[in-house]
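Visitor: Can you walk me through this one? I'd like to start with the metals.

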Amino acid sequence: MLRIGCHLSSSKGFLAMAKTAESIGASTFQFFTRNPRGGAAKEWQKADVQAMLDFFCQAGIAMPLAHAPYTLNACAKEPRTREFALETFADDLKKLEMIPGAMYNFHPGSHVGQGAEEGIRLIADVLNQTLWPEMGTTVLLETMAGKGSEVGRSFEELRAVIDRVELSEKMGVCLDTCHVWDGGYDIVENLDRVLQEFDSIVGLERLKAVHLNDSMNPCGAHKDRHEKIGQGHIGLEAFRRIVNHPKLKCLPFYLETPNELEGYEAEIRLLKGFEI
Ligand code: FE
Ligand code: FE
Ligand code: ZN
């Protein structure tokens with residue numbers, strides 16, 4: 001059974017998100033750990049998290065994917081910005097221990113002219129200061145479109161970060177279909193080859209989640225503008241192959257398309273209908 005959900009607002013708490021997911025036919029969901037535009041993070045209520053976990057058993061919903069604020073930059077030039085990334089990571093990871101077996105996805109960051117190599121070093125540095133051996137959460141690097149000076153535009157850059165993380169067994173990757181497409185990986189014509197490349201560079205055992213987004217731009221555009229499923233340059237047939245691919249179909253899929261809840265509900269129905 002396809003595990004598929006979408007990004008949901010966390011403003012009403014954990015149980016509310018789980019119920020919303022169920023109401024639109026989702027079997028998982030993604031949420032921001034805090035307001036992506038920054039600001040003070042709310043405390044997580046233990047009882048609310050527990051109510052969500054209880055609801056999962058009854059509704060058959062799988063573990064959600066936590067997404068770090070996308071404004072976070074672990075490889076910023078400004079030490080204060082890096083410090084903020086570190087503090088956010090540490091706080092989020094501590095809270096996520098409330099959710100057994102959670103996954104925490106983040107955008108590696110933008111090196112802003114310092115060069116990819118320095119960016120990779122700084123990102124690994126933040127991870128080495130925040131991960132600990134007993135933690136239960138898996139931290140996912142998201143594949144990026146390569147907009148501006150984004151790190152993670154290639155599988156090699158993701159591998160380079162993982163190689164520098166001491167507790168690399170805690171690390172995985174989330175593949176965003178819009179981002180890899182914009183990054184120049186042709187998942188429409190060459191899905192098998194792209195996955196083989198991922199396997200040889202990063203290792204498919206590191207691939208833990210997929211963000212399903214169509215793209216407003218052609219392959220290699222390095223833009224990162226998400227489009228509704230089937231309405232962009234990736235197209236419906238490619239998504240049919242993606243959700244049925246033997247190397248992908250057992251992973252959780254998350255929609256981050258420009259939609260309200262009804263739009264997500266329709267896309268979830270569409271994609272479930274593709275399952276063979
Ligand atoms: Fe993301
Ligand atoms: Fe994404
Ligand atoms: Zn994106």
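**Metal sites and packing**

Guide: Glu142 is buried, with a relative accessible area of 0%. Buried means under 20% relative accessible area, exposed over 50% and partly exposed in between, with a 1.4 Å probe and protein chains only. This is a predicted model: local features need pLDDT of at least 70, side-chain atom pairs count only at pLDDT 80 or more, and totals for chains, interfaces and linings use all residues. Residues are numbered from 1 along each chain as its sequence is written, chains are lettered from A and ligands numbered from 1 in the order in which they are written, and side-chain values use heavy atoms, with hydrogens and water left out.

Visitor: Which residues are the protein donors of the iron ion (ligand 1)?

Guide: His67 (NE2), His107 (NE2) and Glu142 (OE), lying 2.1 to 2.3 Å from the iron ion (ligand 1). Donors are N, O and S atoms within 2.8 Å of the metal (3.2 Å for Na, K and Ca); water is not among the atoms, so sites may look incomplete. The sequence spacing is H-x39-H-x34-E. His107 sits in the loop between strand 4 (103-106) and strand 5 (109-110), and Glu142 in strand 6 (residues 138-142), so the pair ties together parts 35 residues apart in sequence. Helices (H or I, at least four residues) and strands (E, at least two) are DSSP runs, numbered from the N terminus.

Visitor: And which residue coordinates both iron ions?

Guide: Glu142 does; the iron ion (ligand 1) and the iron ion (ligand 2) are 3.2 Å apart.

Visitor: What coordinates the zinc ion (ligand 3)?

Guide: His179 (NE2), Asp224 (OD) and His226 (NE2), at 2.0 to 2.3 Å. Their spacing along the chain is H-x44-D-x1-H. The zinc ion (ligand 3) is 5.4 Å from the iron ion (ligand 1).

Visitor: Is Asp224 buried or exposed?

Guide: Asp224 counts as buried, at 15% relative accessibility. His107, an iron donor, is buried too, at 18%.

Visitor: Now helix 3. What does its buried side pack against?

Guide: The buried residues of helix 3 pack against strand 3 (65-67), strand 4, helix 4 (116-130) and strand 6. Among those buried residues are Leu86, Phe89, Asp92 and Lys95.

Visitor: How many salt bridges?

Guide: The count comes to seven. A salt bridge is a side-chain nitrogen of Lys or Arg within 4 Å of a carboxyl oxygen of Asp or Glu. One of them joins Lys95 and Asp91 (3.3 Å, N to O). Because they are four residues apart in helix 3, about one helical turn separates them. Arg34, Asp91, Asp92 and Lys95 are linked in a network of salt bridges.

Visitor: What about Glu237?

Guide: Glu237 meets Arg240 in a salt bridge (3.0 Å, N to O). Glu237 is partly exposed at 43%, and Arg240 is partly exposed at 35%.

Note on methods
Contact means heavy atoms within 4.5 Å.
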